[in-house]
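Here is a short tour of one protein chain, written to be read alongside the coordinates. Keep a viewer open and follow along from the overall fold down to individual contacts.

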Amino acid sequence: MKDWTGGANSIYKQIAASNHSTAEREQNDYYATDPRAIDLLLTAESPNHCIWECACGGGHLSERLTELGYFVESTDLINRGYKRQRACVQDFLKAEKSPFINQALTYDILTNPPFKYAKEFVTKALELLKDGCKCYMFLKLTFLEGKARREEIFNHNPPRTVYVFSERISCAKNGDFRNLKGSGGSAVAYAWFVWQKGYCGETIVKWL
């Protein structure tokens with residue numbers, strides 16, 4: 001069994017944010033993403049019509065993509081009651097193929113990955129995607145740091161674009177956005193990191 005809770009030196013502890021202490025982290029690292037993150041991403045990007053949301057949680061990102069006309073397959077380690085996930089419970093890091101019935105479909109992968117396994121999610125997504133397809137990861141801006149990430153990802157598979165949010169986007173523990181607002185909102189800066197399989201050029205930083 002994996003430990004999905006994140007490490008003792010989580011970013012919340014490092015920045016001394018009292019409303020996000022390590023002890024408070026949800027057991028399986030479920031922090032739902034404000035769907036506004038999708039709307040902002042789509043002002044700059046045009047993903048494939050078919051999207052695999054591989055850590056869908058309560059379906060916040062999947063549902064917004066569906067509302068906007070995308071065909072989304074939603075999977076997660078746990079079924080949290082999202083109706084479109086159906087019975088598709090899956091450890092993404094062990095996946096050998098996409099959940100699409102038609103394996104010939106061209107698709108992108110988009111998600112807010114579990115805190116502790118973000119690097120592994122990026123690596124797995126690039127392994128599963130077809131050449132030219134994109135991996136959209138909603139990550140802390142501090143993902144840019146780290147010797148291991150540089151050696152294992154950035155040196156060989158740099159993101160094509162990093163979209164930094166000009167205003168904070170909230171991630172709510174257990175999908176409880178009402179309680180998050182009552183506690184003062186988010187203390188963490190996020191960005192969309194976009195990889196395109198096969199891309200080896202320079203990373204461009206933009207703002208949303």
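How many helices and strands does the secondary structure of the chain come to? There are six helices and nine strands, in what is a predicted model. Of the 208 residues in the chain, 49% count as buried. Among contacts with a separation of 6 or more, 72% are between residues 24 or more positions apart.

**The sheet**

Seven strands form an open sheet with mixed pairing, in the order β3-β2-β4-β5-β8-β6-β9. β3 and β9 (204-207) stand at the edges with a single partner strand each, so one side of each has no neighbour in the sheet. From one strand to the next, the twist averages 20 degrees.

| Pair | Sense | Bridges | Example of bridge partners |
|---|---|---|---|
| β6 and β9 | parallel | four | Y163 and K206 |
| β6 and β8 | antiparallel | four | T161 and V194 |

In a regular strand, side chains alternate between the two faces of the sheet. Are the two faces of β6 covered or uncovered? Both are covered: T161 and Y163 are buried on one side, and V162 and V164 are buried on the other.

**Helix α3 against the sheet**

Helix α3 (residues 60-67) packs on the sheet, where it touches β2, β3, β4 and β8. The direction of α3 makes about 160 degrees with that of β3. Within this helix, L61, S62, E63 and L65 are buried. The cover over these buried residues includes β1 (31-33), α2 (36-41), β2 (50-53), β3 (71-74), β4 (107-111) and β8 (190-196). After α3 comes G69, which has a positive phi near 100 degrees.

Leaving aside neighbours within four places in sequence, I109 is in contact with W52, C54, F92, A125, L129, K134, C135, Y136 and M137.

**The cysteines**

How many disulfides does the count come to? The count is zero. C54, one of the contacts of I109, is in no disulfide, and the nearest cysteine sulfur, that of C135, lies 7.7 Å away. With 2% relative accessibility, C54 counts as buried.

C88 has 23% relative accessibility and so counts as partly exposed.

Methods: Residues numbered from 1 in each chain as written. Predicted model: local features only at pLDDT ≥ 70, side-chain atom pairs only at ≥ 80, totals over all residues. Heavy atoms only, no water. Buried < 20%, exposed > 50% of the residue type's maximum accessible area, 1.4 Å probe, protein only. Contact = heavy atoms within 4.5 Å. Disulfide = S-S within 2.5 Å. Pairing = 2+ DSSP bridges. Axes fitted to C-alpha atoms, helices over the stretch in contact; angles between N-to-C directions.
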